[in-house]
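Let's take a walk through this fold together, one piece at a time. Keep the picture open while you read.

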Amino acid sequence: MPHIVVKCFPGRTKEQKELCAKRIAEAVEQTLGCKSTSISVAIKDIREEDWKDEVWTKEIVADKDFLFKNPGYTCD
């Protein structure tokens with residue numbers, strides 16, 4: 001039952017988000033062997049000024065041991 005949450009800056013259309021969610025679900029289905037009916041994908045807009053507190057500190061730094069793809073930037 002994978003649930004994927006994508007966080008990004010605002011500005012993407014509903015259509016872009018739907019296509020992104022579809023492609024992520026397809027990749028998860030193919031690579032992890034999950035049924036598509038078991039996969040959910042959420043896309044949340046996070047304002048740029050909130051990124052460091054809401055995403056960088058709480059999720060990227062705090063969960064660094066679980067990251068399989070690290071970002072190529074820092075928020076130091």
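**Strands, a helix and some rings**

Start with Lys-7, which stands opposite Lys-44 in S2. Keep in mind that what you're looking at is a predicted model.

Now hop over to helix H2 (residues 51-61), where Trp-51, Val-55, Trp-56 and Ile-60 are buried. If you look down the axis of H2, these buried residues fall within an arc of 85°, so they line one face of the helix. Asp-53 and Lys-58, on the other side of H2, are exposed. And what do the buried residues of H2 pack against? They pack against S1.

Next, the aromatic rings, which give two pairs. Phe-9 and Trp-51 make an edge-to-face pair, 5.4 Å centre to centre with 80° between the planes. Phe-9 sits in the loop between S1 and H1 while Trp-51 is in helix H2, so this pair ties together parts that are 42 residues apart in sequence. Phe-9 is partly exposed, at 33% relative accessible area, whereas Trp-51 is buried, at 12%.

Then there's Trp-56 with Tyr-73: their ring centres are 5.4 Å apart and their planes are at 45°, so the pair is tilted. Trp-56 lies in helix H2 and Tyr-73 in the segment after H2, so parts 17 residues apart in sequence get tied together. Trp-56 counts as buried at 11% relative accessibility, but Tyr-73 is partly exposed at 35%.

Technical notes:
Residues are numbered from 1 along each chain as its sequence is written. This is a predicted model: local features need pLDDT of at least 70, side-chain atom pairs count only at pLDDT 80 or more; totals for chains, interfaces and linings use all residues. Side-chain values use heavy atoms; hydrogens and water are left out. Two strands pair if DSSP finds at least two bridges between them. Helices (H or I, at least four residues) and strands (E, at least two) are DSSP runs, numbered from the N terminus. Buried means under 20% relative accessible area, exposed over 50%, partly exposed in between (1.4 Å probe, protein chains only). The arc is that of the directions from the helix axis to the C-beta atoms. Contact means heavy atoms within 4.5 Å. Rings of Phe, Tyr and Trp (its six-membered ring) pair if their centres lie within 6.5 Å; planes under 30 degrees apart count as stacked, over 60 as edge-to-face and the rest as tilted.
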